[in-house]
Amino acid sequence: MKVYDVIIIGGGQAGLSIAYFLRRSELDYLLLDNQLEAGGSWLQTWDSLKLFSPSNYSSLSGWAMPKSKEEYPTKAEFVSYVSAYEKRYGFNILRPTEVMQVEKKQGLFKIKTNTGIFYSKTLVSATGTARNPFVPEYSQNAAFIGAQIHSANYRNADDFKGKSVLIVGGGNSGAQILAEVSKVAKTKWITLKEPSFLPDDIDGRYLFDAATQKFLGKLDDKKNVSHSISLSNIVMIESVKDARTRNVLQAVRPFKEFYENGVIWDDETKEPFDAVIWCTGFRANLKHLEPLGIVENKKIATKNTRSLKEPNLWLVGYGNWTGFASATIYGVGKTARQTVKEITEALSKHIN
Ligand code: FAD
């Protein structure tokens with residue numbers, strides 16, 4: 001029976017970052033990913049999506065992303081970079097392999113997949129959030145007969161031409177999809193509070209500089225910077241600036257409930273809509289780890305990336321709870337380096 005030192009589940013930017021640092025160690029690792037090709041969940045995002053920071057702030061560890069044609073790289077440019085990154089380092093990846101369940105057997109992880117069973121001493125879960133879209137609960141949701149999609153399934157505005165569309169969510173996804181759909185449809189934008197727009201000359205670099213400062217211990221935790229600087233601050237990319245010029249970036253607070261043809265506002269007035277696009281984020285995709293009995297409130301308790309209850313398990317890339325800015329291209333490298341250091345130490349203790 002072959003036993004790997006480390007198995008990584010998920011071949012997006014987080015899984016690849018771990019593979020990058022493992023490749024430099026002596027450890028025997030295998031990465032399992034359910035996609036047919038490189039790119040992680042970027043393969044499924046909408047057609048016009050652009051990164052919110054320039055290529056030199058969108059690079060994985062070890063090899064800088066080539067300069068993009070325009071200031072902000074397109075998703076196609078990023079996917080092609082990730083694909084070249086994988087080839088450059090020749091990572092040990094098995095694709096497509098879907099991990100269904102992880103169990104613990106005699107001190108080892110038993111990883112059940114659609115292509116067979118694998119065993120490892122340590123495990124890194126880097127399965128992202130894209131497969132677990134979040135939609136808030138609204139009264140009478142089921143009564144609404146119009147279309148409802150999550151941003152995870154949005155590709156372009158074609159299906160919404162000439163329609164009346166409600167767009168829910170005050171982050172970058174909401175603002176970018178609103179900007180696109182409002183060109184062909186009548187839109188209304190719902191956000192919990194007034195959306196926070198970054199100044200025009202500030203983009204994702206600002207978040208990353210803060211992440212670096214925090215990682216180096218130069219930021220005061222008491223000021224709670226990780227909460228005040230967030231990916232939900234809207235970056236004024238060209239399409240969003242254009243929407244501002246067209247005066248469509250006006251958000252209103254949530255409605256009370258759905259009715260058959262639309263929504264009912266707090267003052268009981270009804271407004272019809274043909275469709276709702278939920279741009280309301282994601283939760284960690286941890287289903288495969290449920291048999292371990294350590295998933296609580298859709299999370300696993302960690303110290304940095306290491307599980308507290310299962311110390312041979314690390315979780316990478318899910319959000320600030322697995323390292324500040326670890327769910328970003330720039331930020332994940334730092335947590336990956338630290339994670340591999342911890343894995344190496346744990347395994348050396350295991351062997352001695
Ligand atoms: P994913 O990319 O989701 O990779 C996880 C991989 O694991 C996927 O291949 C998935 O199919 C696979 N997988 C899942 N479950 C299993 C399983 N059970 N078995 C096997 N494989 C499995 N960050 C930035 O830095 N800059 C940006 O401009 C930016 N823009 C964003 C725009 C949007 C709309 C979104 C949603 C996010 C954006 N982010 C951005 C954040 C972040 O970079 C992405 O969410 C990124 O995809 C996260 O990478 P990941 O590797 O953690 O997860």
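Are Y138 and W278 buried or exposed? Both Y138 and W278 are buried, where buried means under 20% relative accessible area, exposed over 50%, and partly exposed in between (1.4 Å probe, protein chains only).

Before the close-ups, a quick note: this is a predicted model, where local features need pLDDT of at least 70, side-chain atom pairs count only at pLDDT 80 or more, and totals for chains, interfaces and linings use all residues. Residues are numbered from 1 along each chain as its sequence is written, and side-chain values use heavy atoms, with hydrogens and water left out.

**View 1. W278 and its ring partners.** Y138 and W278 form a tilted aromatic pair, 5.7 Å centre to centre with 35° between the planes. (Rings of Phe, Tyr and Trp, its six-membered ring, pair if their centres lie within 6.5 Å; planes under 30 degrees apart count as stacked, over 60 as edge-to-face and the rest as tilted.) Y138 sits in the loop between strand 6 (116-125) and strand 7 (147-150), and W278 in strand 14 (residues 275-278), so this pair ties together parts that are 140 residues apart in sequence. Helices (H or I, at least four residues) and strands (E, at least two) are DSSP runs, numbered from the N terminus. F258 and W278 also pair up, this time edge-to-face, at 6.2 Å centre to centre and 65° between the planes. F258 counts as buried, with a relative accessible area of 1%, and W278 does too, at 2%.

**View 2. Helix 3 meets helix 6.** Two packed helices are described by the angle between their axes and the distance between the axes. Here helix 3 (residues 172-181) and helix 6 (residues 238-245) pack at about 60°, with axes 9 Å apart. Those axes are lines fitted to C-alpha atoms, for helices over the stretch in contact, and angles run from 0 to 180 degrees between N-to-C directions. Helix 3 brings A175, Q176 and A179 to the contact, and helix 6 brings S239, V240 and A243; contact means heavy atoms within 4.5 Å.

**View 3. Charges over rings.** R283 lies over the face of F134, at 3.8 Å from the ring centre. K2 does likewise with Y4, at 4.6 Å from the ring centre. A charge sits over a ring if NZ of Lys or CZ of Arg is within 6 Å of the ring centre and within 35 degrees of the ring normal.

**View 4. The start of the chain.** M1 is in the segment before strand 1 (3-9). At 71% relative accessibility, M1 is exposed. Leaving aside residues up to four places away in sequence, M1 touches L108 and Y119.
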